[in-house]
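Here is a short tour of some local features worth a look in your viewer. Please keep the sequence and the structure side by side as you read.

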Amino acid sequence: MKIVIINGTNHKGSTEHIARITAEKIGGEISEFFLPKDFGEFCTGCTNCFKKAEYKCPHYEKLNPLTNALDEADVIILASPVYVYHVSGAMKAFLDHYGYRWIVHRPNERMFKKQAVCISTAAGAGMKSSIKDMSDSLFYWGVSTPYKIGLAVSATAWDQISSKKKNIIEKKTSYIAKKIQRKNGKVKTGIKTKAFFYLMRTLQKNGWNEADVKYWNEKGWLQKARPWK
């Protein structure tokens, strides 16, 4: 398996450690990126990706290595510590650049066959909303059921975490890794994802965005083809 980890901070703290542990337990070829070191641009709101093409984005070349890694991976791990009850600004800026890939626009069919994990930690709270920031994008890319690891570690560094908390991490990561291994090559698109796809298909038939309609036609999705087949 190919696994890509996108870390929402350059800091190798609790969240990054858990992401790495999860990836190593799954097993396979691991690629890891750190934001904003590997990509730190903010979306300018030019709408070129929506109206024209993704390569018209002013940050396309910088983002492309991460995009290729996402496309080639069997498993995507998005990991961000909690920043004021949400993901880091770097993770948010990264995800903002893929609005054009949401099902409502031009999703990549490979996403419908991938597995994913969202990971977030905090000394106290905010993991639920931070994980939602990441899982929302995964769902709207076409990844049906991302796994989630949200932990209050009661610490600000990995070596400060108690042995009790690390035992919980060990169990959670092992459980998810085994599930991912069992489902490798057998991923099925969920009912909710399919329902949303068909809703967006109706919108595309009405031709509200020329670039999107052309894409859907080329993929055959306005006819009988489907991205999960």
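Let's begin with Thr-47, which is partly exposed, at a relative accessible area of 30%. On this scale, buried means under 20% relative accessible area, exposed means over 50%, and partly exposed lies in between, using a 1.4 Å probe and protein chains only. The model is a predicted one: local features need pLDDT of at least 70, side-chain atom pairs count only at pLDDT 80 or more, and totals for chains, interfaces and linings use all residues. Residues are numbered from 1 along each chain as its sequence is written, and side-chain values use heavy atoms, with hydrogens and water left out.

Thr-47 is not a glycine, yet its phi is positive, at about 65°. You will find Thr-47 in the loop between E2 and H2. Pro-36 also has its place in the loop between strand E2 (29–34) and helix H2 (48–51); helices (H or I, at least four residues) and strands (E, at least two) are DSSP runs, numbered from the N terminus. The peptide bond leading from Leu-35 into Pro-36 is cis, with omega near 5°. As background, most residues other than glycine have a negative phi, and most peptide bonds are trans.

## Ser-154

Ser-154 has a positive phi of about 55°, although this residue is not a glycine either. With 54% relative accessibility, Ser-154 counts as exposed.

## Thr-173 inside helix H6

Is Thr-173 buried or exposed? Thr-173 counts as buried because its relative accessibility is 0%. This residue lies in helix H6, and its side chain reaches the backbone oxygen of Glu-170 at 3.2 Å.

Leaving aside residues up to four places away in sequence, Thr-173 touches Ile-18, Ile-21, Thr-22, Lys-25 and Ile-149. Contact here means heavy atoms within 4.5 Å.

## Helices H7 and H8

The axes of helix H7 (residues 191–205) and helix H8 (residues 210–219) come within 10 Å and cross at roughly 115°. These axes are lines fitted to C-alpha atoms, for helices over the stretch in contact, and angles run from 0 to 180 degrees between N-to-C directions.

From H7, the contact draws on Phe-197, Met-200, Arg-201 and Gln-204, while H8 supplies Asp-212, Val-213 and Trp-216.

Notes. A polar contact is a pair of N or O atoms within 3.5 Å; within protein, one must be able to donate a hydrogen and the other to accept it, and residues adjacent in sequence count only if both atoms are side-chain atoms.
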